[in-house]
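Please look over the fold, the pairing of the strands, the pocket and the backbone of the protein shown here. The briefing below is grouped by topic.

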Amino acid sequence: MMKKVLTGVAGLVALAASAAWAGNVEIKGQGMAFAPDMAFANVGDTLSFRNLASHFVESYPGMIPDGATPMKSEMGADYDYNATKEGIYIYKCPPHMGARMVGAVVVGKPAGAGATVDKLMASAPGELKTLLGKLKEALPAHGM
């Protein structure tokens, strides 16, 4: 019985510790771009989109981890997104696609991140090619 109690307490402590370590990654609308245009976060972090006066955030279809909730904010409103799934998230500001207002966040250290970027690159529209190329170059510096 005592072993079950201790196991339960250890689980609660681990859960509380992970919640305490959850962070915040701020991404701002600056002119016709997201700043930064790519970021790295941990599972459980909040992606805080700010300064979106004439922008909104929307996931690229098929370019978020399987099972992740798609991003979709309201025009001009701050937006918080809880990154609960490890993987690569690609998003856009639909009204400013002509200016290539796109961004990427890598959450956790997903296995095969380079291969995932290659796969995304193969089917990506032109406005994503530069961003995905930068992302591929940045992965090794983050242990991927």
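What share of the contacts in the protein with a separation of 6 or more comes from residues 24 or more positions apart? Such residues account for 57% of those contacts, where contact means heavy atoms within 4.5 Å. This is a predicted model, in which local features need pLDDT of at least 70 and side-chain atom pairs count only at pLDDT 80 or more, while totals for chains, interfaces and linings use all residues. Residues are numbered from 1 along each chain as its sequence is written, and side-chain values use heavy atoms, with hydrogens and water left out.

**Overall fold**

- The protein has three helices and eight strands; helices (H or I, at least four residues) and strands (E, at least two) are DSSP runs, numbered from the N terminus.
- From the N terminus on, the order of elements is α-β-β-β-β-β-β-β-β-α-α.
- Of the 144 residues, 38% count as buried, where buried means under 20% relative accessible area, exposed over 50% and partly exposed in between (1.4 Å probe, protein chains only).

**The four-stranded sheet**

- An open sheet of four strands has the order β3-β8-β7-β5, with mixed pairing; two strands pair if DSSP finds at least two bridges between them.
- Its edge strands, β3 (38-41) and β5 (58-59), each pair on one side only.
- β3 runs parallel to β8 (residues 102-107), joined by four bridges, and Ala 39 stands opposite Val 105 in β8.
- The pairing of β7 and β8 is antiparallel over six bridges, with Gly 87 opposite Val 107 in β8.
- β5 and β7 are also antiparallel, over two bridges, and Ser 59 faces Tyr 91 in β7.
- In β7, six of its six residues are buried.
- Helix α3 (residues 126-138) lies across β3, β7 and β8 and runs at about 30 degrees to β8; axes are lines fitted to C-alpha atoms, for helices over the stretch in contact, and angles run from 0 to 180 degrees between N-to-C directions.

**The β4 and β6 pair**

- Strand β4 (residues 46-50) is antiparallel to β6, with four bridges between them, and the bridge partner of Leu 47 in β6 is Tyr 81.
- In a regular strand the side chains alternate between the two faces of the sheet.

**The largest pocket**

- The largest pocket holds about 270 Å³ of space.
- On a 1 Å grid over the protein atoms alone, a pocket is an open set of points where a 1.4 Å probe fits, with protein on both sides within 12 Å along at least five of seven lines, and lining residues have an atom within 4 Å of a point.
- Of the 13 lining residues, the closest to the centre are Gly 62, Ile 64, Thr 116, Lys 119 and Leu 120.
- Two or more lining residues come from each of β7 (87-92) and α2 (113-123), and α2 gives the most, with four.

**Backbone exceptions**

- Most residues other than glycine have a negative phi, and most peptide bonds are trans.
- The peptide bond from Ala 35 to Pro 36 is cis, with omega near 0 degrees; Pro 36 sits in the loop between β2 (33-35) and β3.
- Asn 51, in the loop between β4 and β5, has a positive phi of about 60 degrees although it is not a glycine.
- Asn 51 is partly exposed, with a relative accessible area of 46%.
- Arg 100, in the loop between β7 and β8, has a positive phi near 60 degrees.
- Arg 100 is partly exposed, with a relative accessible area of 48%.

Key:
Grid points are joined across faces, edges and corners, and a volume is the space filled by probe spheres set on the points.
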